[in-house]
Amino acid sequence: MGTGASKNTEEGGSQGMGEEEERNQAGGQLYVSLKMENYKRKGDLIPHVYGSVPLVGSWDSSKALSMERESASLWELSFVVPPNHETLDFKFLLKPKYSNVPCILEEGPNRQLIGGTLQGDARLALFRLNADEVLEYRVLIQADRVSPFDLAASWRAYQENLRPSAVRGIPDVSINSAPEMSAENGSSASLELDLEHYVVPAPTSANSGNVVHPSKDGSVSTDRPATIKEMEVIVPDSSGVYSGSGVVESKSVGTFSPSQKQDNHRGLLVDRGVGSPRLVKSASASTFTVDLRMDTETKNSMPAAAGAVAAAAVADQMLGPKEDRHLAIVLVGLPARGKTFTAAKLTRYLRWLGHDTKHFNVGKYRRLKHGANQSADFFRADNPEGMEARNEVAALAMEDMISWMQEGGQVGIFDATNSSRKRRNMLMKMAEGKCKIIFLESLCNDERIIERNIRLKIQQSPDYAEQPDFEAGLQDFKDRLANYEKVYETVEEGSYIKMIDMASGHGGQIQVNNISGYLPGRIVFFLVNTHLTPRPILLTRHGESKDNVRGRIGGDTALSDAGEIYAKKLTNFIEKRLKSERAASIWTSTLQRTILTASPIVGFPKIQWRALDEINSGVCDGMTYEEIKKNMPEEYEARKKDKLRYRYPRGESYLDVIQRLEPVIIELERQRAPVVVISHQAVLRALYAYFADRPLKEIPHIEVPLHTIIEIQMGVTGVQEKRYKLMD
């Protein structure tokens, strides 16, 4: 039988209408996905959508919208509905691809979708080819109300990562651009955005000390506009997040959309919501268990990959002026305030998300042009030769960064003290009309941390590599620091982010001024959650599963005998390695092979993330690679051709996995205690690439063997790695 999936609006009565009006007022726009499926497709007949829908506007078969092929049997069309066009009246139409044979119109009454609710019964789409033959298509209709913030996020994910690919002769994602419409149709080609209710995201914390509280979709629930003036976020000390006996919440991702539930498929791509599994402390023991009950009615605030990018009209408005498409993060701060470390982390994060990012360190330019053995006198404000030399290398680095952007680079991170208003004005003048500047200022009032950073600087900086006397180098650096302090001017101009005492590991503040746009918002969100507290992160695959033994991909089988042995060895390792780390936690996917691997481990809270599930292999789930090669040779060759972007039919690509892992990365950065991640090969490849700063193209080929632990040590000196092989 034919089935349809539409938004569940069974609240009824005036209450349901009130909730819909409230969503409209909050800026949500209706996102619609139409799918048709037929395993006995006839010749060159291509499904179209015909009728009164956005981008068409009238019952004219010549304007019917072509649906895009997702796989050999599935066709899809998705679009965002303008607020003044939420009643859709349409039918499906089959058009020949090459010949002039008449179109075949779907039989039966028109289909109506009003405010996201399908009217009447769901049914098959029936097309009469001749007196004796009727072609049947299964129809799936999904309608969700989505915020402009999420639409823009989806578009950016597409624009930066999901480039159209010809691996199967079809694009990865389809975008239908809006044609011009006349005023008499009551529609316009562009979608008006109301961003008044969507501002920079703030972090979720188990503590209640946040000044700004995130809403369900991850945006901040305030009355402030998207362009923020002097917003301040207090970051509480969450070092005790797992202490105490109450219920603690942690972020989770991967809720089902209606059509995904219907097909019994796991969630796809991005879910930036904060639907949380609960950690409950047992009354009889010091261990924690996870409440696995998931709210099946929870709506995913982010559309699935195949449809979200249809928000092209929204994205065009979000891009803004040409110079806003290039972003310069200009660091500001006294020496030994963690600027370079922050720059390195931010560069790694943005590269991992697919944004072309480069770190420009002005100190390197200075050493190349003027040598590394400059004394503190070189940095005096009353030394005209030194001032001229330092401004010269700063201008040279800025010119290089702007040239790099004009050649295709997206985000440049300009690393220098930039401690005077005069220097910053010079940089803004150079960037005018070429890139957007955001100042990122690091402030620290903790003398203990400053002293520690100074000593690390003497040990690691090339400026003191040839200084054999540590104490002499220490005194010279302190003299240099004093020269900067005499003329230091904090940032009060332009767009800026101020990180105040964020390096202490005991909370801090972030002040944000005049920040707007999706990418700057994600940068603020990342910085709010980052810190310098040293702690290890342990990555490991589950123990060998029965499908591993059979060479089958995907699935959800139990452990083999060898896998059960590894679970015990892993338990012994963790108990010894983390015996003094009672605040540590164990993260697994929702698949039983990771849960069973973690089951012998006691004394630590266990959190299940749907985002940590293995890459969705779609119709190939449960097959061996030999079976795919034999039965689906085109898919096998397409995967070999471009493993990073290849998407299994009705499944995921590595780029999809990266996008859904972003909330996991943010939460890993936020944690101050050790974390053990027990997951799957593709997922761990993506996580490891983030910490190791590996290029995206290398991710599908990173070696992550079974029964091996990769320990990532995160601290002020950067990221270090160790590997432990517990079994052959």
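Counted by class, the H6 and H19 contact has six nonpolar residues, no polar ones and one charged. The nonpolar class holds Ala, Val, Leu, Ile, Met, Phe, Trp, Tyr, Cys and Pro, the charged class Asp, Glu, Lys and Arg, and the others, Gly among them, count as polar.

The coordinates are a predicted model, in which local features need pLDDT of at least 70 and side-chain atom pairs count only at pLDDT 80 or more, while totals for chains, interfaces and linings use all residues. Residues are numbered from 1 along each chain as its sequence is written, and side-chain values use heavy atoms, with hydrogens and water left out.

**Stop 1: the helix pair**

Show H6 and H19 (residues 681–692) as cartoons; their axes come within 8 Å and cross at roughly 145 degrees. Axes here are lines fitted to C-alpha atoms, for helices over the stretch in contact, and angles run from 0 to 180 degrees between N-to-C directions. H6 passes H19 in a right-handed crossing, meaning that the near helix is turned clockwise from the far one by less than a right angle.

Next select Arg-351, which is in helix H6 (residues 339–352). Helices (H or I, at least four residues) and strands (E, at least two) are DSSP runs, numbered from the N terminus. Which residues does Arg-351 contact, leaving aside its neighbours within four places in sequence? They are Thr-357, Lys-358, Asp-693 and Leu-696. Arg-351 is partly exposed, at a relative accessible area of 33%. Buried means under 20% relative accessible area, exposed over 50%, and partly exposed in between (1.4 Å probe, protein chains only).

**Stop 2: the annotated site**

Select Arg-541, His-542, Gly-543, Glu-544, Ser-545, Lys-546, Asp-547, Asn-548 and Arg-593, which an unreviewed UniProt entry annotates as "binding site". These residues span 53 residues in sequence, yet no two of their C-alpha atoms are more than 14.2 Å apart, so they gather at one spot. UniProt positions are given in the numbering used here, feature names are shortened, and annotations may be inferred rather than shown by experiment.

Start with Arg-541, in strand S22 (residues 535–541). Arg-541 is buried, with 10% relative accessible area. Not counting residues up to four places away in sequence, Arg-541 touches a set including Asn-548, Tyr-566, Gln-681, Leu-684 and Thr-708. Display the side chains of Arg-541 and Gln-681 to find a polar contact at 3.3 Å. A polar contact is a pair of N or O atoms within 3.5 Å; within protein, one must be able to donate a hydrogen and the other to accept it, and residues adjacent in sequence count only if both atoms are side-chain atoms.

Step back to Thr-540, also in strand S22 and buried, at 2% relative accessible area. Beyond its neighbours within four places in sequence, Thr-540 contacts Tyr-566, Leu-570, Val-677, Ile-678, Ser-679, Leu-684, Thr-708 and Ile-709.

Then go to Asp-547, in helix H13 (residues 546–550). Asp-547 is buried or exposed? With 7% relative accessibility, Asp-547 counts as buried. Outside four places in sequence, its contacts are Arg-552, Gly-554, Gly-555, Asp-556 and Thr-557.

**Stop 3: His-707**

Select His-707, in the loop between H19 and strand S26 (708–715). His-707 counts as buried, at 4% relative accessibility. A polar atom of its side chain lies 3.0 Å from the backbone nitrogen of Glu-544. Its contacts, neighbours within four places in sequence left aside, include Gly-543, Glu-544, Tyr-566, Tyr-724 and Asp-728.

**Stop 4: two positive phi angles**

Asn-418 sits in the loop between strand S18 (411–415) and helix H9 (421–431). Its phi is near 45 degrees, a positive value in a residue other than glycine, and Asn-418 is buried, at 1% relative accessible area.

Arg-650 is in the loop between helix H17 (633–641) and helix H18 (654–670). Phi of Arg-650 is near 60 degrees, again positive in a residue other than glycine, and Arg-650 counts as buried at 16% relative accessibility.

**Last view: the whole chain**

Zoom out to the chain, with 19 helices and 27 strands. Buried residues make up 56% of its 728 residues. Among contacts between residues at least 6 apart in sequence, 72% join residues at least 24 apart.

Definitions and conventions: Contact = heavy atoms within 4.5 Å.
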